Amino acid sequence: MKARLTFLFLCWMAMPLFAQNSDTPQRSYWDKPGWYTFGLSGGTNFLQSDVRAAWGGWGANLSLGKNIWYTKPLLVNLRAKLEYQKAVGSDVVRDYNILKNTTLNGTHNLNYTNYNSPTTPNGFVFQNFQNQMGSFGLDAIFTMNRLRERTGWVLNFYGGAQISYYETYINQYKESENADYKIGYAAIDTSKSKSDICKSLSELRDKTYETEGSGFDNASNHWSLMPYVGFELGYELTPKFTLGIGHRVTWTQKDNLDASTFEKSNQDLGHYSFLNLEWKFRPTPKQELPPEIMVHQPTMEEYTTKEPDVDIQATIKNVKKAKQVYFTQDGNAQAFEFYRPKFASHIILHPGLNVIKIGAVNTVGSAEKTLRITYNEPKAEKKPTVRFTNPSISDKKTQEGELVLKADITDIYKGDKIFYYVNGQFKSDYFFKKNEFSDGVGLREGVQFLQN
Ligand SMILES: [Ca+2]
Ligand SMILES: [Ca+2]
């Protein structure tokens, strides 16, 4: 094991020899704050607890991080992780303190308190366990940035906390023989070396951890919030890929991870030594598009109207705020409403050509629509006038039996009507052309003339 670790360490120390030059132009891209990281780590995991740790524990995690602070001397990243860990332990000394251990004292299936042997009056076990744990954790990571920028070596110190769910099983029963290990345990010579005892225990036991640890039937004994600290030393093999190693110590806040809570009152400490692979990435920013303006009303860009005002409605895409929109009539800014993406306004037209512009600007471009609306003001209609020209006075007396009645009528337009009565009788067979009205009237009494 030691040789393997030494080999790994040497390989890792030699990494800069194979790495590309870290002064590539690419690097400056990653020297801007705000990058994200994706990490994979895996390694060996064990508990420092009441039961001697054994080989075979391991852990792995996936992480997502983000750079939140960037200064020349120091970087700060946050990292969230999902982690699985397994730890195993196997003690080489007898544990007589099992009378309260409900897993081993006969409360359930196993009873190691009675060996029927004068040499072991109180009963004992060689403790072992397998702990499995799933965690979600958050880390704050402090990186020595000057070192990183100058040499490519990445030294991180970090701390955090994880919420963990775990369970622990012990192997004190050989299912294939329906037997516990009492006879075998009594035969182990504890004066021998630790490695000999380990060998004897491993030959004696099967590989299955079949019995749930004491107290784990209580759901609350499966959970803990665990703080931890750690360090990582890595090398930036490329500007966006770092390979490193690290170690982390976790204060589990619980004593039952090793299924042994009666030896000492201390909490079980977790240790995780790992290889870490980390990639930097930046989400591709959504490409911003230049503004787009579609005018829905009026439906023509250029027209002539007799209406003195106009409602304008448009859709403006790719702008976020009203500040990015302008609206003018003959160069003068006009009020409008903009609730993304809807634009609306109302304009009072002046007689003649009105040049109306709707424009929008964003960081990548601009757009403008021009409306040319000519307002023809209808002439104000005057009240018609009637002036008799023959007779020129309204109360004329004459001896003649016939009169050619003439009048000058102004401001009569197409569609208007002339009301003409003679002695109360409506008459329509008059002559009218270009303001001149005339009719021959046979006289008897007076004449009335009305128009409208
Ligand atoms: Ca077993
Ligand atoms: Ca413990």
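**Core and strands in a predicted model**

Me: This model is predicted. Leaving aside neighbours within four places in sequence, which residues is phenylalanine 129 in contact with?
Reply: Contact here needs C-beta atoms within 7 Å. Sequence neighbours within four places are set aside. For phenylalanine 129, that leaves Val51, Val88, Gly89, Thr168, Ile170, Gly213, Asp258 and Ala259.

Me: How many residues does the largest nonpolar core have?
Reply: Phe129 is among the residues with the most contacts inside this core. Leu47, Ala87, Val88 and Ile170 are also listed there. Strands S1 (36–48), S3 (74–90), S4 (128–144) and S5 (153–170) each supply at least two of its residues. The core has 13 residues.

Me: Which residue in S9 stands opposite glycine 160?
Reply: Strand S9 covers residues 223–238 and runs antiparallel to S5. The two are joined by 13 bridges. Opposite glycine 160 stands tyrosine 228.

Me: Which residue in S10 is the bridge partner of glycine 234?
Reply: S9 also runs antiparallel to S10 (residues 241–251), with 10 bridges between them. A hairpin through two residues joins S9 to S10. The partner of glycine 234 is glycine 244.

Me: Which strands stand at the edges of the open sheet of four strands?
Reply: The strand order is S12-S14-S18-S17, with antiparallel pairing. An edge strand has a single partner strand, so one side is left without a neighbour in the sheet. The edges are S12 (292–297) and S17 (337–339).

Me: What does the twist average from one strand to the next in that sheet?
Reply: The sheet is open and has four strands. From one strand to the next, the twist averages 20°.

Definitions and conventions: Residues are numbered from 1 along each chain as its sequence is written. Chains are lettered from A and ligands numbered from 1 in the order in which they are written. This is a predicted model: local features need pLDDT of at least 70, side-chain atom pairs count only at pLDDT 80 or more; totals for chains, interfaces and linings use all residues. A nonpolar core is a set of buried Ala, Val, Leu, Ile, Met, Phe, Trp, Tyr and Cys residues joined through C-beta atoms within 7 Å. A residue is buried if 20 or more other C-beta atoms lie within 10 Å of its own, exposed if 12 or fewer, and partly exposed in between; C-beta atoms are placed from the backbone. Two residues are in contact if their C-beta atoms, placed from the backbone, lie within 7 Å. Two strands pair if DSSP finds at least two bridges between them. Axes are lines fitted to C-alpha atoms, for helices over the stretch in contact, and angles run from 0 to 180 degrees between N-to-C directions.
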